[in-house]
Amino acid sequence: MNFSALFIQRPIATTLVMIAILLFGIAGYTQLPVSDLPNVDYPVVQVSASLPGASPETMASAVATVLEKQFSTIPGLDVMTSSSSQGNTNITLQFTLDRDIDAAAQDVQSAIAQTQRRLPTGIIPPSYQKVNPADSPIVFFAVSSRLLGLTRLNEYAENTLAQRISMVNGVAQVQVFGSQKYAVRVRLDPHALRARGIGIDEVSAAISSGNVNLPTGILWGRNRTATIQANGQLSDAKDFGNLVVAWRDGSPVRVRDLGQVIDDVQNNRVASWVHGDRAIVLAVQRQPGTNTVQVADRVQELLDRLKPQMPASVEVFKLYDRSISIRNSVEDVQNTLFVTFLLVVLVIFLFLKNLPATVIPSLALPLSVVGTFGVMHQLGYNLDNLSLMALTLSVGFVVDDAIVMLENIHRHMEMGKPPVEAALEGSREIGFTILSMTLSLVAVFIPVLMMGGLLGRLFHEFAVTISAAILVSGFVSLTLTPMLCSRFLRAEHTTQHGRFYRTVEAGYEAMYAFYERTLKSAMRHRRLMLLFSLAILAGTVVLFRLVPKGFIPNEDTGQLQVTTETAEGTSFESMMAHQQAVAAIVAADPNVQDFMSTAGGGGVSSSNQGRMFLRLKPRGERKLSADEVIRELQPKLAKVPGIRCFVINPPVINTGGRPSKSQYQFTLQSSDLATLYESAAALVSKLQDDEHLQDVTSDLQIRNPQVQVDIDRDRAASLGVTALQIEQALYAAYGSSQVSTIYTPNDQYWVIMELMPQFQRDPSALGLLSVRSKTGSLVPLGTVAKLSRAVGPLSVNHSGQIPSVTVSFNLKPNVSLGDGTAAVEKTARAVLPASISTNFSGTAQVFQSSQQGLMWLLLLAVLVIYIVLGILYESFIHPITILSGLPFAGFGALLTLLVFKTELSIYAFVGIIMLIGLVKKNAIMMIDFALDAERKEGKAPADAIVEACLVRFRPIMMTTMAALMGTLPIAIGFGAGAESRRPLGLAVVGGLAFSQIVTLYVTPVFYTYLDRFAKRFGRRPAA
C-alpha cells in the first residue's frame, strides 16, 4: 500500500489540506501568549504573623511551632520553612507541582483558623499570600515628588497605587520599600515622669482612653432623627500633646509635658533611595504559575489609566520590568528561527543546485512550524524560549523526510521514468523509511513526557512542541512533497547546467569518490573499526566524568540583586551610612543604568541587612555580561569597611521558598540547638576557605547584643507589682508600641509611644521607669529588676518544624555546580557530627535529584527507541545496528562541551537525548536500502550495505548538514537568553558532526557483524 499515492493523484485536495494547516497555524500563533518559560512554578503560600515586642525565640516557640504543626496536616505540602525575628514570623509553604495554588491557599486559611485559640494573646491575626518570597519582583516602580513630603507621597503610593496594583489579576503582592506611613510618635522623658510621679503605664492608658472612635447612637424624635457625633477621635500630634494624663497640685499634666509629641512615620528605621534621593519603591510580585509578561502588561495598563488622575507633583518611574528582557529573549529566538530557516534552505540548494528542487522540500519547513503553532494553541502552551527553541531545532531535521523523499523520487527520474511514475515508485519505496524515521524520532521524547517534578514540567512543552513539528513534517513529506515532485521536478540529464552547478557537483563527486575508497578500506579492516568503536565507548564514559555538571545556565536578564549585611546589633544610623557608601560605588559603575537601595524593613529579613536592585544597561551598551559585572563589582564593594555585600544574578527558575544572600543553599537540621549552632559556624568557616566556593554565609545570627532584665519576683510581689506590668512597661518604653489608632476615611494610622532617643541608647534609663502598684504607689523598675549584658539570636529558623541553619554559597568563576555541591558534601562529612542531618535545598537540591534521574532518562530513551524500531522492523537485531552510532554522538557532544568549557546542563542533556533520534536516521536510510537489496536482488550483506551507503550518501549528507545548520545559530549563541540555549546547540552540533563522519564507516561494519551473529544462531533478521 502506498499512502502517498492518494495525494499524488489528487493535487487540489492535497493543496487545500496544506492551506488548512497553514491557516490553522497562523490563527493559533496570533493567540499564543509570550512567556520566558513554561509554567514551572511550585505553588507557594507565605504566612505572616506578628506579635509586637516578642523575641525571636518566643515567636519561634509560641507562634511558628503552633502554626507549623497545623500546616503539616495539609495534603500535598512538599517543603515548609519558617523564619522568626523580633515580633514577626514568616512561614513559607511549598506544595507539590500537581496542587492547585487556590485550593492550597484555602487549606492554609482553614489551618490558620483552627490555630487561633492556641496563639498568644495580643497577636495580630496571621495572614497569607500566594507568593514565593524567594522570587524576584517582576516590576519596580519608584514614586517620588519634589513638592510632597514623604508621608504624603507614601499615602498616595500605598493607598492608591499599591492597592490598585494588588487587585490586578496575577499579582501576589506589592512590596513597599522605604515606607513612610504617617504616625503620631510620643517620646517620653523618664525624668519628667519621675518628677511628676507618673508611671509609664499611666501614660499609655491615658492616650488609649483619650483617643476613641466609638458608636454614639441616634436621637429618635417624633418626626425626625439625629445622629449623635462626639469628638473623641484625635487626628494629629498637637491634639495628642494636649491630652491630660494626671492632675498634680491642681494643675493638669499633659502628654507634651512629659516629653515630645511629633508628627512622624510608623517605622522610622527604614529608608529607600532612587538616584540618590529618598523615594517610595513599589515592587510587584506575581503569583506562582502566572505569566510574567501578561501580569506586567496588566500592571502597565492600569498605570496608564491612573496617570491622568495622579497629582501633577507625583512622578512614577519604572525602574525595572522583567517582561522587557523576556520579550527580547523571545524575539531573539524568533530571529534565530528565521536565520536557521535560511541556512537550511541554503544547504538544500547547494546540494540540489536547482530552484524547484530546493523549493519543494523547503515548503515542509514553514508548514511544519506554522502547523505546530496551531497545536500549541490548542494545548494552552506559550510562545516561550523552550517552545521556540524546540521549533528552531526542528527546522534542522523536519526537512529531512522531505529531502529523503525528493532524493529518492529524483533517483527514479534519473532512471528515465516519467515524473508521476517516479513519484509513485519513489514514494512507495521510501514511505516506510520516512515512517520509521518519524516515529522513532518522536519516540525519543516519550521518556521526556514521562518525567515528573520540575524537569518534567519544564520540558513537557518542549517535547510536545518538537514532536508535533516532526509529525506534521512527516505528514507533509508523505503528501505534499511527492505531489509537488510529480508536477515540478525534472531529471537532471535533461537540463543544461551552468558553471556554478558544475563546480559544486565536482566538489560533491570528489567527496563521494573519497568516501567510496575509504568505506571499502574500512570494510577490509572491520576488526580495527570494531576496536575503534569500543575505544570511543570507553572514551564516552571518561568524558562524562570529566565534563563539569550544571543545572540551568544563568541568563543575562539585565538585573542584579545585592544583599548587604553589617554586624549584628548595628544601629539604623550606622546601617544607613554603610548602605549609602555601597550605593555610591554602584552609582559610579559604568554598567549600571538605575538602581534602588533600601535599609531596614520592606522585605529585609533582619535589621542589620539592606537590599539593592540593579538594572544594568542594555546588553548592546555594555561590554560585560551580568556575571562579569558581578566579578568586576565585588572587589570594589569589598573595600567598604564594616559591611559585606552579596551580589547574585537572579536565577531563571527559583526552586526554593527561602530567600538567601547567595544563590545555592545547604540546610542543617537538629533539635540540639547548641550543637547545631556550633557546628554550623564551624562548617561556614571551613567552606569559606574552599577553592570552589565564594560568598559563603548563613542565616545564623545568634550574637545580637541584648540587655537581660532579671525580675526579682519576690520583691515585685511584696511591692504589689506583677511581671506582666514590668514587661508591659518595658514594651511601652522600648518597643515602639502602638498605644492607639487614628481612624480616617482612607486608612488607619498608629499612635506610637517610646522613650526619647537619648534614653534608648542608655540601658541605665531602665532604672528611671516606674509602674503603679496595687497599693497605688509608684515602684521604680530598678528596685524589682536587675540588668545584665548578653547576646541572643536575631532570628530563629525552622525547616520542616525542626530548628535549622541554612548555609548559602556562590560558585567561583569556572566552577560547576556539580563540583561545588561535591565540595560542600565532602566538608560537611568531615566537620558535622552524626546528630545533624543535612540536605541541599532550592536549586542545589533540584540539581542533585536531576543528576540521578537524567541517566535513567537517557537509558529509557534508548530502550523506547529500540522497542519502536524492533516493532517497525520485526527484528531484534536491526535496532541494535541502527543504534550503534549513539556512543559516537555522545562522545562528540561531550567533547564539544569540554572544549568550549561548557557545563553539561539540563539543556545540554536534552540535546544529547535529541541526538539519539537524529543519529539513527542515517542508519535507517542505509539499512532500509540494504535489506531491500538483499531481498530483491539477492546480494550479500556486505555488498548490500556498501551499495546502500553509496546510494544514500547524498541524502545522508544533506540531512546531516541541514540539521547542523539548523542548530548552529543556537550553538553560536547570540541575543538575549543565549547563555541557556548555547549548551544544547553545542551538544547537538558536536554530536552530529562527529557521529556523521564515524557512523558512515562504523554502521556498515556493525551491520555485517550482526548479520553473521544472526546466521550463527540459525536465523536471519527479518527483512
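View 1. The chain holds 32 helices and 31 strands; both are DSSP runs numbered from the N terminus, with at least four residues for helices (H or I) and at least two for strands (E). This is a predicted model, in which local features need pLDDT of at least 70 and side-chain atom pairs count only at pLDDT 80 or more, while totals for chains, interfaces and linings use all residues. Residues are numbered from 1 along each chain as its sequence is written, and side-chain values use heavy atoms, with hydrogens and water left out. Along the principal axes, the C-alpha atoms fill a box of roughly 125 × 75 × 55 Å. Of the 1023 residues, 56% are buried, meaning under 20% relative accessible area with a 1.4 Å probe, protein chains only. Take the contacts (heavy atoms within 4.5 Å) between residues at least 6 apart in sequence: 81% of them join residues at least 24 apart.

**View 2. An open sheet of four strands.** Here the strands run in the order S6-S15-S5-S16, with antiparallel pairing; two strands pair if DSSP finds at least two bridges between them. Strand S6 (171-177) and strand S16 (314-321) are the edges, each pairing on one side only. From one strand to the next, the twist averages 20°, using axes fitted as lines to C-alpha atoms and angles from 0 to 180 degrees between N-to-C directions. Six bridges link S6 in the antiparallel sense to strand S15 (residues 280-286). To find your way in, look for phenylalanine 177, whose bridge partner in S15 is valine 281.

**View 3. Leucine 67 in helix H3.** This leucine 67 sits in a helix covering residues 56-71. Is leucine 67 buried or exposed? Leucine 67 counts as buried because its relative accessibility is 0%. Setting aside residues up to four places away in sequence, leucine 67 touches Ala49, Ile91, Thr115, Leu119 and Pro126. Valine 375 is 308 residues away along the chain, and its C-alpha atom lies 45 Å from that of leucine 67.

**View 4. Serine 808 in strand S30.** The strand around serine 808 spans residues 802-811. With 2% relative accessibility, serine 808 is therefore classed as buried. Which residues does serine 808 contact, leaving aside neighbours within four places in sequence? They are Ser660, Lys661, Ser662, Tyr664, Gln665, Asp695, Val696 and Thr697. Between serine 808 and valine 66 there are 742 residues in sequence and 27 Å in space, C-alpha to C-alpha.

Technical notes: Buried < 20%, exposed > 50% of the residue type's maximum accessible area, 1.4 Å probe, protein only.
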